[in-house]
Amino acid sequence: MEKSFLENLYRKMLTIRLAEECLIDPILKGEVKTPCHLYTGQEASAVGVCAALESGDQVFSNHRGHGHYLAKGGDLNRMLAEIYTKETGCSRGRGGSMHLMARDCNFMGSAPIISQTVAMAVGAALADSIKKNGQIAATFFGDGAAGEGIIYESLNFAALKCLPVIFVCENNLYSTHLHIRECRPGIPLYKIAEPFGIAAAQVGGNDILKVYEAAKIAAKHCRAGLGPYFIESLTYRMRGHVGPDDNIQGQHTDIRPQAEVDEWRAKDPVMRFEKYLLENKIFDKDELETVKQEITEKVKKAQEYAIDSPRPVVSDLQKHVFE
Amino acid sequence: MSSNRKLKFGLAINEALRQLMESDPAVFVIGQGVKSPWYVGNTCNGLIQEFGEERVIDTPISENAMSGVAAGSAMNGLKPVMNYPRLDFMFYALDAIINGAANWRYMAGGNSNVPAVFWGIINRGGEQAAQHSQAIQAIFAHAPGLKVVMPSGPYDAKGLLVSAVRDADPVVFLDDRWLYGLEEEVPEELYEVPIGKGKLLRNGSDATVVAISYLVPEALKAAEILAKEGIDIEVIDPRTIKPLDMPLILGSVKKTGRLVIAEGAWQSFGVSSEIACRVYTHVYTKVYTLKAPIEKVCLPDCPAPASRSLEAAYYPKAEQIVAAVKKTMSL
Ligand SMILES: Cc1ncc(C[n+]2csc(CCOP(=O)(O)OP(=O)(O)O)c2C)c(N)n1
Ligand SMILES: [Mg+2]
């Protein structure tokens, strides 16, 4: 793999990480109010999948969507402005954290109603297939979402019509306060694709290169007209279900054992990739430091842009309900 | 028993659930977050410790099937209280609730029934935007086989939940997180607030305000503001959306000749429209007159916005009720 490609993966992951982390303080201070389901810890998943997609391919996302948006190429300034609910945001401050959209790069939207957008991705793939445009769709959803019937209905239809869609299930072991073992029988999640004859793989979701390889296979499969593909990405969120950390905030009781959190912290996907880049001498320390500074600066500027932007004006309240 | 013990809204529900489960082994709680210490406020505190996982069931994210599960258990002798932490999640449940539970008795020619409670919590504000804000009582009230209750305070919350659980038919119980901070006297024993009975909260002669759910405390605030200006309003809380306590509302409107309806839901095709329609029909047939057109204080026909600047204009408060009352008085 070329250095520039690897650098790009690293830049994307770091941008997501720093963009998420810049929100912690403002959330605690109440400056950011829209509920933020932070993506910290899961960066490799979004970046790995999106790196295997073309710009014309469509991506759909869920409540934990900041990383998906940025990985697909959504504008950082406009994302932070949306989270600060400003008129300059990607959804003009109407949607907030859970409704990011970037049609310019075919990030088709995120929505918090669990599994809603999965069927929409199948619909986008249906359009791709009817238009024969060679494009494919991908949809991100969590392990908890696999509780909804819509997932199985979507898998069935996608398989039936041989649609070019990648189902990306980000299994972070929790659905709000419930461990996955309290939500499903102990069968690996990717196996839900099996009865529909859908090709499926489970991948270590904190290893960017592994995710990328899996997604490349999936995209090739879809583009070759072989039908849908299912990826289960094993990962972990390093922040609370919503907001910085259920434990630290003291309002919520996070049920995740500290030992488990620590175990996953050691598998931090950004640090892991940094280590890889250094050990394989793709980057030296100084080069990495330069990239870090650059991205830190970029996120800082974007946050300033968001803070300085105006909020929507009340006279525009009912604008955008219809054309 | 002490009669002046106070409870907050969420704990009044908690007490109702605990006492209902203690007194009737058929009652159980099922829903998302019922074992969580935060997901559904403090409404389910301690229940799992007391009654075990068999009677306090925290479910996977499966609203459609779980609502059917609740309905089926009710057909087979249990009394489920099915919780939804937000009404927005109930769209997935509409098939089981409306196609299924609501129609069941009639489809069976009266030979079967579904004594289930579907309890949804309105949860909005805080820049949560369109899919985490909706109040869809009108959709439930539209279905013939459903009763719909919307308590505005702890006393009614406990009493209506008891009545809902004891009802032989499906009841949709809708409360609002904005009310969870309210505290008032709540009897320690089990008691019922009858379904279909509204409450006169304040006597007045100049105008009637019928307020629902979170707008009830706002209407009482509006009454105080208006009183300072010499305007005397009557405040009615229907408590039950369906069946509506029309005698209470009509009696008041007959007295005051002016009506403002305050409901925190979209203004078109809502409960407020239904109340207005019934009042107009009644006024026509009983040949007494309204002194002014009916005013509605509702949400605009617009999805909930995220930005706090828009939210502030989106959700009506006492101020809008005051303005509406004045409008009926041409002030
Ligand atoms: C239909 C619906 N039901 C319930 C919820 C509440 N809810 C929001 S996120 C969530 C858990 C989702 O878990 P998962 O899919 O694993 O995603 P994660 O949060 O772990 O990324 C739940 C239950 C919802 N948003 N939509
Ligand atoms: Mg999860």
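So, is A:Y174 buried or exposed? At 7% relative accessibility, A:Y174 counts as buried, where buried means under 20% relative accessible area, exposed means over 50%, and partly exposed is in between, with a 1.4 Å probe and protein chains only.

Some housekeeping before I go on. This is a predicted model, so local features need pLDDT of at least 70 and side-chain atom pairs count only at pLDDT 80 or more, while totals for chains, interfaces and linings use all residues. Residues are numbered from 1 along each chain as its sequence is written, chains are lettered from A and ligands numbered from 1 in the order in which they are written, and side-chain values use heavy atoms, with hydrogens and water left out.

With A:Y236 it makes an edge-to-face pair, 6.4 Å centre to centre and 75° between the planes. The cut-offs: rings of Phe, Tyr and Trp (its six-membered ring) pair if their centres lie within 6.5 Å, with planes under 30 degrees apart called stacked, over 60 edge-to-face, and the rest tilted. This pair links distant parts of the chain, 62 residues apart: A:Y174 is in strand β5 (174–175) of chain A, and A:Y236 is in the loop between β8 (229–234) and α9 (246–249). Helices (H or I, at least four residues) and strands (E, at least two) are DSSP runs, numbered from the N terminus. Both tyrosines are buried.

For contrast, take A:F273 and A:Y276: their ring centres are 5.8 Å apart and the planes sit at 10°, so that pair is stacked. Both are in helix α11 (269–279) of chain A, three residues apart, about one turn of the helix. A:F273 is buried at 3%, whereas A:Y276 is partly exposed at 30%.

Now the chain A sheet. Six strands form an open sheet in the order β2-β1-β3-β4-β8-β7, with parallel pairing; two strands pair if DSSP finds at least two bridges between them. The edges are β2 (107–110) and β7 (199–204), each pairing on one side only. Three bridges join β1 (58–61) of chain A to β2(A), and A:S61 stands opposite A:S110 in β2(A). Helix α8 (208–223) of chain A packs on the sheet, touching β4, β7 and β8, and makes about 170° with β8(A). Contact is heavy atoms within 4.5 Å; axes are lines fitted to C-alpha atoms, for helices over the stretch in contact, with angles from 0 to 180 degrees between N-to-C directions.

Last stop, chain B. Six of the six residues of strand β5 (79–84) are buried. B:K79, B:V81 and B:N83 point one way, and B:P80, B:M82 and B:Y84 the other. Five bridges join β2 (27–31) of chain B to β5(B), running parallel, with B:F28 opposite B:P80. On to β6 (117–122) of chain B: β5(B) pairs with it in the parallel sense over four bridges, and B:M82 has B:F118 as its bridge partner.
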